[in-house]
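I open this notebook to record what I looked up, entry by entry.

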Amino acid sequence: MTELLRATILHTTANPFRTEGALAFHADGGLLIRDGRIAACGDFGSVAEPGIPVTDLRGGYLLPGFIDTHLHFPQLRIIGGLGHQLLDWLEQHALPEESRMADLQHAQRIAKAFTRQLAAHGTTTALVFGAHFAPATAELFAAAASAGLRLIGGMVMADRLLRPELHQTPESAYRDGTQLIRQFHGQGRLLYAVTPRFALANSEAMLEVCQALVGEHEGLRIQSHLNENPREIEAVAGLFPWASDYFAVYERYGLCGPLAVMAHNIHPGAGELARLAATRTSVAHCPGSNSALGSGIFPLRRHLDAGVHFALGTDVGGGLGFGMPKEALQAYLVQRLAPEGELLSPAHLLYLATLAGAESLGLTELTGNFVPGKAADLVYLRPPAESALAASLELADSPSRILACLITQAGAESVRQVRVDGQVIHERGMNDSR
Ligand SMILES: [Zn+2]
């Protein structure tokens, strides 16, 4: 099946931190989709062919589907738990709520709402922490499959220092992990990620189980947390006296590499940055969460200088909610005020919310921009007619300005259509008057 979408198109064709002119823009653009794949992307006149049906979406903007590289499914209801630092927040908000995932009906209800929220905010691919319980994690995969999302997730593994009901044994984690991998990894748009919660909550025996799972199955992703909070870092150092630093714990168990994503990394040592780069391990930068939990300011320039790859994550529920434009805006704001912060351009922000995520997840062949051959994963943004966003777009006379307007103000109310593999997975008010 072939279809041509006509709208203003914005996407990044390369990493704008390294390449000039990485932002591609077509004011009157055409996106040609054939059998769920991008067949062509350019000015409408150059892409149009006689006989191909045109879907006229003028008045709105086509962007690649957003990619969220860090969030927690069980934490949907605790968004907004302000006023704490990480370890107290875990104790008072996150862990009690995560314990409720033992109830399968609760897990089902949250999984449905969570995956719907991802789609409703234009997120087409997400790397997600599941629950500490295998049945609840299976519900997440099932909900993602029925929502049509690309979801990479895994059961969260832990065997100490949380709450007894959240702890597994290494034996049960191995058994349940193996079962979930067999059931969901590589099924449709789903992939599995081995997910040790963080070094603090995992014994060496549990980290060995993580390593075994990674070794026994092809193409698994890895996700965990790294260097988020000074108290956490100190506690990890006490538990692993042999480790030269926090990242060394994961490295010893092979939990690093081009398919691994470590959330936060706000307080890295120079050696850690060098080894993250050398192992091609990615970082998920979650500025909203970092501000809300007072965790610190992401050393963005040091990551760039060291050559460490990073992309954005919302970190629901330590973060501020769903939606990559909002997260990109947070990244901009934090860097704006940080001593020696970077001035991030709209192209940087779009890249960090799309292509950079695909790079982190080993999905560059598949998604992240509108290069022909990739899947037609896209979000169509059109602001409500009388919104401030619609008004500011009237004045936006350059690609950067348009993008800046969208990043600043486009929430779920502007997300009109979301597609994965060309297939519509979410729609809102498409026929509303313009
Ligand atoms: Zn997290």
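At what angle do helix 5 and helix 6 pack, and how far apart are their axes? The model I consulted is predicted. In it, helix 5 (residues 170-184) packs on helix 6 (residues 204-216) at about 25 degrees, and the axes are 9 Å apart. I count angles under 35 degrees as roughly parallel, so helix 5 is roughly parallel to helix 6. I noted a right-handed crossing of helix 5 past helix 6. I then listed the residues of the contact: helix 5 supplies Pro170, Ala173, Tyr174, Gly177, Thr178 and Ile181, while helix 6 supplies Ala205, Met206, Val209, Ala212, Leu213 and Glu216. Sorted by class, this contact of helix 5 with helix 6 holds nine nonpolar, two polar and one charged residues.

Entry on helix 16, with helix 13.

I looked up how helix 13 (residues 346-353) sits against helix 16 (residues 399-409), and found an angle of about 55 degrees with the axes 9 Å apart. Helix 13 and helix 16 are therefore oblique to each other. Helix 13 passes helix 16 in a crossing that is left-handed. From helix 13, Pro346, Ala347, Leu349 and Leu350 meet Ser400, Leu403, Ala404 and Ile407 of helix 16. I sorted the residues of this contact into seven nonpolar, one polar and no charged.

Entry on helix 16, with helix 12.

I next took helix 12 (residues 324-337), whose axis comes within 7 Å of that of helix 16 and crosses it at roughly 105 degrees. Helix 12 and helix 16 are therefore roughly perpendicular to each other. Pro325, Lys326, Ala328 and Leu329 of helix 12 meet Leu406, Ile407 and Thr408 of helix 16. The classes in this contact are five nonpolar, one polar and one charged. I noted that Ile407 of helix 16 meets residues of helix 13 and also residues of helix 12.

Entry on the metal site.

Which protein atoms are donors to the zinc ion? I found NE2 of His70, His72 and His225, together with OD of Asp315, at 2.0 to 2.7 Å from the zinc ion. The spacing of these donor residues in sequence is H-x1-H-x152-H-x89-D. I then looked up the angles among the four donor atoms, which run from 83 to 171 degrees, and the site is irregular. For reference, I recorded that ideal tetrahedral angles for four donors are 109.5 degrees.

Entry on the backbone.

Most residues other than glycine have a negative phi, and most peptide bonds are trans. I looked for exceptions and noted Asn227, which is not a glycine but has a positive phi of about 50 degrees. Asn227 lies in the loop between strand 10 (221-226) and helix 7 (230-239). Which residues does a cis peptide bond join? I found it between Val316 and Gly317, with omega about 0 degrees. Gly317 belongs to the loop between strand 13 (310-312) and helix 12.

Conventions. Residues are numbered from 1 along each chain as its sequence is written. This is a predicted model: local features need pLDDT of at least 70, side-chain atom pairs count only at pLDDT 80 or more; totals for chains, interfaces and linings use all residues. Side-chain values use heavy atoms; hydrogens and water are left out. Axes are lines fitted to C-alpha atoms, for helices over the stretch in contact, and angles run from 0 to 180 degrees between N-to-C directions. Helices (H or I, at least four residues) and strands (E, at least two) are DSSP runs, numbered from the N terminus. Angles under 35 degrees count as roughly parallel, over 145 as roughly antiparallel, 65 to 115 as roughly perpendicular and the rest as oblique. A crossing is left-handed if the near helix is turned anticlockwise from the far one by less than a right angle, and right-handed if clockwise. Contact means heavy atoms within 4.5 Å. Ala, Val, Leu, Ile, Met, Phe, Trp, Tyr, Cys and Pro count as nonpolar, Asp, Glu, Lys and Arg as charged, and the others, Gly among them, as polar. Donors are N, O and S atoms within 2.8 Å of the metal (3.2 Å for Na, K and Ca); water is not among the atoms, so sites may look incomplete. Four donors count as tetrahedral if all angles lie between 85 and 135 degrees; four count as square planar and six as octahedral if opposite donors are over 155 degrees apart and all others between 65 and 115; anything else is irregular.
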